[in-house]
Structure formats: structure tokens, C-alpha cells
Amino acid sequence: MRALLVLAVLAAGLFAPPPPAAAAERYAGYVFFYFTGEGTAAGEQVYLAASRGNDPLGWDELNGGRPVLTSALGDKGVRDPFIIRSPEGDRFYLLATDLRIHGNGDWDGAQRFGSKHIEVWESTDLVHWSEQRHVRVSPDTAGNTWAPEAFWDRTIDAYVVFWASKLYAADDQGHTGDTYNRMLYATTKDFRTFSEPKVWVDPGHSVIDSTVIEHRGRYYRFTKDERGAGPDAPCGKFVVAERAKKLRDTTYDFVADCIGAGDISRGEGPTVFKSNTENRWYLFIDEFGGRGYVPFTSTDLASGDWQPATGYELPARPRHGTVLPVTRSELDGVRAAYP
């Protein structure tokens, strides 16, 4: 009887089984989620572009250049959108910073009295999205929760979610002291409940915007050195590359620093992805206060050698976001939904 009821529901179209894992379908392009900056009222929302087939450097803005997701919770502004595919391949989670700078420009206040939450949406097709979730991840001592990203850690069968926070002394409830941004992490299986956060990256100075990619059993991490450039920090305001055998290690080995120096004036918000068609990686670095994203490319992650890409056509004003490889059906789906 139960089986007949399930079949009847399926026939009525009231329930659909999850789509097959994308791993069964070859990747045929990329999607690019980003924001455009605090210079306009709508800039701190989620925008979307699609690649021209498997060209990682040729992009079309979708939805007429308008946001595809907007925040109605928290600060009602979202920055630094990050998209991850589930290990089964049939679900996506989009995370973003709960922050609105447009109209106030108060960066100091945002790091003393900012949000302790991240914004979360989920989807099975990159077109239809769940209700926005406003989820707390940071401790009471945190002044901000910036640029959340995630990576599936198969050793614990859970996602590791990481972000930057300034941490204040427990007795400094007014967050008046001097401190610096560290990278924290927590684990989750569903992006609803999270473990207690732990410090992941703390070199003794401010760092933000970590992103990770895995290759041949090594985790490559790219992080912005937030220090002002000077004699004591010649690579301040540029991206540093490191690697480790275990994702949650608190000590990664140095690979390279000053990535992009000479080609960009400064850099943050790195997003890294592998080519769908060759042994090549792309690292987009946000030249904040300048051109926005500028693409670099390498054929050897371990070398730390990143060269500027040429002949690229990115969306207008793309800022800190994520590039995600997708299948032909997924690419066609977003193009049809957001022409």
C-alpha cells in the first residue's frame, strides 16, 4: 500500500527524486557568482555570469546584469558569494557575508560590531533556490564574519566552513581594543547546525579571504595578507599560497606570496578552479579599488607560479565571488532561466 502511495505521488508530480549526480555528466562550462561592490545600492547582492562553453575566460552576464539573489535578512546586504557542490553532486550551497557598506562606509564599525552570521541558500539546479537562512557561526568575541567558504572533508564526512573574524578579549564586551582578523572554521553536515568555531589561520597578523582547492592529496590554500604593504610586510595586500596534507591543519607549508604583484596593484578575494579540458588552473584575484577580478593561470599549483591570463572578457565590475564547473544541462539551465 505504501509503495502504491509513493507511485501515485510521483505520478502526480508532487515529489521528484533528486537528479542524478553531476559526476555522471561531463563538465561543459562554468558559472560565476559574484557581487559588484558597495558603490551602488544593489551592488552588495548576488550576481551571476555564465561561461561561453568551456572557455574559462569568456563570460556573459545573466539576468540583464541584475542580481539573481538578494538578502532580506541581517544587514540586508551580501558580499563574497561562495558556491559549493555537494559530494553527491546533486545539490549546491551558496554562502555569503552578511554585510552592507553602501551608504555608511564604516569599515571599522563593521569589524567591531558586525554580523556573527552567514547567509545561506541551497538549490538542486542553480535556478530554484531555498529560502534564505541567517545562521550564526561566530563566537561572542568576534567582531565580524567575513567571506565564508566551505570544503568537503571526507575524513570527517562533513563540510568545513571557514571565514575571517576579528577576535576581541572576552572581557572587552564593547570591542574597543586593537586586534586583527584570523581565519576560523566550523564543521557542518547541513549548513544549519555548526560545531563550535576554532582558529584555523593565525600568523600573528591580519589575514582574510582564504580559499582552497585539492590536488593529488594536497590542499592548496590562498589567503590575503591584510597588512599594509611596507618594509616589514612587502607582500601586504597580496595573496599568499600554502599547502598541507590535511585540510584542517593549522600549519600549512609556504608555497608563494605576492601573487600577482607587478600585474595588479593589490589583491584579495581569490577564487581558484581547474580547467575542465586541460591540466591548468585559474586563479581570479580581486584588484579591489581597481579593476575588480583579474585572472591568472598556472599549470603547476606546487610551483606557486601564476601568470596573468590574456584575452579574457569578464562581467562588468565583478568582485569577490566563485567560479564553479558545471555540466551542459546546468549551464543551459541557468542561461534559459536568466537570459
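The model is predicted, so local features need pLDDT of at least 70, side-chain atom pairs count only at pLDDT 80 or more, and totals for chains, interfaces and linings use all residues. Residues are numbered from 1 along each chain as its sequence is written, and side-chain values use heavy atoms, with hydrogens and water left out.

Helices (H or I, at least four residues) and strands (E, at least two) are DSSP runs, numbered from the N terminus. An open sheet is built from four strands in the order β3-β2-β1-β20, with antiparallel pairing; two strands pair if DSSP finds at least two bridges between them. At the edges lie β3 (55-61) and β20 (319-327), each of which pairs on one side only. From one strand to the next, the twist averages 30 degrees. Four bridges connect β2 (residues 47-52) with β3 in the antiparallel sense, and A50 has D60 in β3 as its bridge partner.

Helix α3 (residues 328-337) lies across β1 (27-35), β2, β3 and β20, and runs at about 125 degrees to β20. Axes are lines fitted to C-alpha atoms, for helices over the stretch in contact, and angles run from 0 to 180 degrees between N-to-C directions.

**Nonpolar cores**

A nonpolar core is a set of buried Ala, Val, Leu, Ile, Met, Phe, Trp, Tyr and Cys residues joined through side-chain atoms within 4.5 Å. Buried means under 20% relative accessible area, exposed over 50%, and partly exposed in between (1.4 Å probe, protein chains only). The largest core has 22 residues, and F33, L126 and W129 have the most contacts inside it. At least two residues of this core come from each of β1, β2, β4 (78-85), β5, β20 and α3. Strand β5 gives the largest share, three residues.

Leaving aside residues up to four places away in sequence, W129 touches F33, L69, I83, L94, W121, E122, S123 and Y338; contact means heavy atoms within 4.5 Å. Another core, of 19 residues, lies apart from the largest one, and I101, W146, F162 and V207 are among its members.

**Hairpin β16-β17**

Strand β16 (residues 268-274) is largely enclosed by the rest of the structure, because six of its seven residues are buried. A hairpin of six residues joins β16 to β17. The two strands run antiparallel and share five bridges, with β17 spanning residues 281-287. K274 has W281 in β17 as its bridge partner.

One disulfide is found in a search of the whole structure, a disulfide being a pair of cysteine sulfur atoms within 2.5 Å. The sulfur atoms of C235 and C258 are 2.0 Å apart. The torsion about their S-S bond is about -110 degrees, so the disulfide is left-handed. This pair links distant parts of the chain, 23 residues apart: C235 is in the loop between β13 (218-225) and β14 (239-244), and C258 is in strand β15 (residues 253-259).

N104 is in the loop between β5 (92-98) and α2 (107-112). Its C-alpha atom is separated by 9.6 Å from that of E38, 66 residues apart along the chain. The table gives the accessibility of N104 and of both cysteines.

| Residue | Relative accessibility | Class |
|---|---|---|
| C235 | 10% | buried |
| C258 | 23% | partly exposed |
| N104 | 47% | partly exposed |
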